[in-house]
Each structure stands twice: as C-alpha cells, then as structure tokens.
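Hello,

Here is the structure I promised to hand over. Please look through it first; my notes follow below.

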Amino acid sequence: MKLKKKIAVCALALCAVPFAASAELSKAEWQAKVGDCANDPSAMKATIAQIPASDQAAFVAKVNEAISKKPGSSESKAADFYAANKAAVTGASDKSAVLAEVFATVPVEYLTDINERFATELFSRNANPEKPVSDAAFTELSTNALNVVNKRCESAENAGARQAFAALMFVRASGGSPEGLTDTFVSQMTDPQAKESAGSWISEAMGGDGKEASYDNMLAAADAGEEPDHSVVLQMAGPSEVVDALLADLQAPDNQSASGSPSGMGGGAFVAGSVAGAAVPSEDLSDGRLSRVPRGALGSQSATGGNSEGTNENEENPYYSRKRGSSITPSTPEPPDYVR
C-alpha cells in the first residue's frame, strides 16, 4: 500500500511538471527578477522560460542594462554579458527576437566575445553531426534570423556595427560554406554607411588574407569602449561543456522550440511512453524508464502481477530464466537493460 501511494505521488508530480513550466510571470513579477538574473545565468534561463514570448525581449534589455551598471573590469562584464545572454537565448521561446535584442542592447565592445562563442556554442551548423544542415537550409535560417536582428538594431545606437557583428556570427557558424555568405549577409544590412565597410570588417575579424584577426576598425567605427581580453573572459566565464544545437529553433513552428513544450522537456522524459504520439524510446534503456521489466519478474516461473483481464496466475512468464546468469534461454530474451 505504501508503495502504491509513493507511485501515485510520483506520477502526480510528473503530471504537474508541464503545467508548472508553462506558468507565466506577470510584468511586475519578471521585473522584480532582473537583478537576480543579471547575476545568475541559471536564474536567467529559468525565468525567461516563464515570461510571455511578447515580453522576453524587453526582459533581456532590462537585464543587459543592469549588467552595464555593475562595477568591475571590462573582462568581468564581458563574462556576465556572455553568460546572461546565452542563458536568455537558450531559455527563450522566441529565439530570433531574443537574439535580436542581444545584438541591440549589449554594448558593442562585448559583442566581440558573444559573436565568437554563440557561433560555436549555439548556432553552428555542425553542432549536431547526426542532423547535418545543408547549405541551402543554413542560408535560409541565417538570413531570416538576420532580418529580425537588422530590423531591431535599426533603432539602436551604432546600428551598423551591431548588424555587422550579427552577420559575423553567422559567417563563423557556417564553417566556411557556402561561398559568398559574407556578401549575402552584408547586402541585408540596412545601415548604408556600414554596408560599405562591413565586408572588410568581417574579413579582418576572421583573419582574412593571412592577417591577424582584429576588431579594431569595427570597434573604432562605433567609437566603442575597450575590447576585453578574450583569454581572461574565457577563464572567468568558463568553457562551454555543452554545445546547444539551436540553429533550427530560429525557425521553429510558431517560434516555439521543442524545449518549450511538455514533450520536449528532458528529452521527452515527462511524457508517458504509452501516450499516442509520444517520442519512440531510444534503444539505450539505461535511462531508468518506468517501462522496464521489474527485476523480480525475472526470477518467477509464472507471470506476476495482473492485466486488464485479471491476474496472470498460472501463465508462463516469458522472461523467466531460472536464476541470474542461467544458461537456459527463456522463451523471450531478457530485457537488454537487465544487469547480470
């Protein structure tokens, strides 16, 4: 009886998770969390997921404003901007709008770190080797995202440099293919003066023509602050342990990523395996799924428990193998996750 109660409590908790995750914060509630999120990336990711999609960009702007006012070195601020904005993009439901807000509100000098790390950690076309992104698909996803970024940056100070940094991020994320991406991205820019120089800015930042990579001309054009020491920023923010494949999420249906729905939470861990339409379980059953055969059933010659028709009394147990490690082969092979 106690076991049944525990199972019931666990099942109820699992059922409640999607509803809790979808609860939205009011404007007053998320405004009260700006300070915490400016100091804690994990709080940022959890909070933005609870904010209505229409308010997420405004929240990111508030957090970046708070980080700008924090004391500290250029490197410490660069680490804070990187960590907070990465958490914002990964946790947001409308990733294109939030990405646009990142490039519009982070001070230009700190976009030097953000464009490099976002390119490899979030939007690389090679982030998921099992699902390669074609040249055509990458071009479509990146140009669509840049349209959103460029439009948002039009009203920001130093719009041209900001648009160029966003284009640079996707050039890096492309891995060098297809050819001519820089020209494609520059042609999308809406700042006429910056369009004339953006191609050379991107080439310089990539270290083109055998020259040392440099942001000097891009930052000078924006009259930006001091460029942080990137090696120090890496030490302070730490290397990313996980690469997120978010490229496709820039164009997910209705701007909703899979992580924003119950079926996407925890890789589908909160969706019952028997529910129609649920993801097919992987072949690797080492994840502790509740559908695995109880160990006790392996040692009983007759079937145990019950079914919709009643008990299994006097019926053969297809998993019976006499004892652990027995040489007798059962009528049905033991579950692959059974540890001898």
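**Cys153 and its surroundings**

Cys153 touches Ala100, Phe103, Ala104, Ala159, Arg162 and Gln163, leaving aside residues up to four places away in sequence. Contact here means heavy atoms within 4.5 Å.

A word on the source. This is a predicted model, in which local features need pLDDT of at least 70 and side-chain atom pairs count only at pLDDT 80 or more, while totals for chains, interfaces and linings use all residues. Residues are numbered from 1 along each chain as its sequence is written, and side-chain values use heavy atoms, with hydrogens and water left out.

Back to Cys153. It sits in helix α9, residues 135–153. Helices are DSSP runs of H or I with at least four residues, numbered from the N terminus. Cys153 is buried, with a relative accessible area of 0%. Buried means under 20% relative accessible area (1.4 Å probe, protein chains only). Met189 is 36 residues from Cys153 in sequence, yet the C-alpha to C-alpha separation is 9.9 Å.

Cys37 is buried too, at 1% relative accessible area. How many disulfides does a search of the whole structure find? The count is 0. A disulfide would be a pair of cysteine sulfur atoms within 2.5 Å.

**Helix α11**

Which residues are buried in α11 (residues 181–188)? They are Leu181, Phe185, Val186 and Gln188. These four lie on the same side of α11, because they cover an arc of only 155 degrees around the axis. That arc is taken from the directions from the helix axis to the C-beta atoms. The buried residues of α11 pack against α9, α10 (159–174) and α12 (192–205).

**The largest nonpolar core**

This core has 72 residues. Such a core is a set of buried Ala, Val, Leu, Ile, Met, Phe, Trp, Tyr and Cys residues joined through side-chain atoms within 4.5 Å. Phe118, Phe123 and Phe170 touch the most other members. Helix α10 gives the largest share, 10 residues. Look at Phe123: its contacts include Val89, Leu99, Phe138 and Leu250, not counting residues up to four places away in sequence.

**Lys70**

Lys70 is in the loop between α5 (53–68) and α6 (74–91). Its side chain reaches the backbone oxygen of Ala38 at 3.4 Å. Lys70 also touches Asn39, Lys77 and Asp80, again not counting residues up to four places away in sequence.

Best wishes

Conventions:
Helix = DSSP H or I, 4+ residues; strand = E, 2+ residues; numbered from the N terminus. Polar contact = N/O pair within 3.5 Å; in protein donor to acceptor, adjacent residues only side chain to side chain. Buried < 20%, exposed > 50% of the residue type's maximum accessible area, 1.4 Å probe, protein only.
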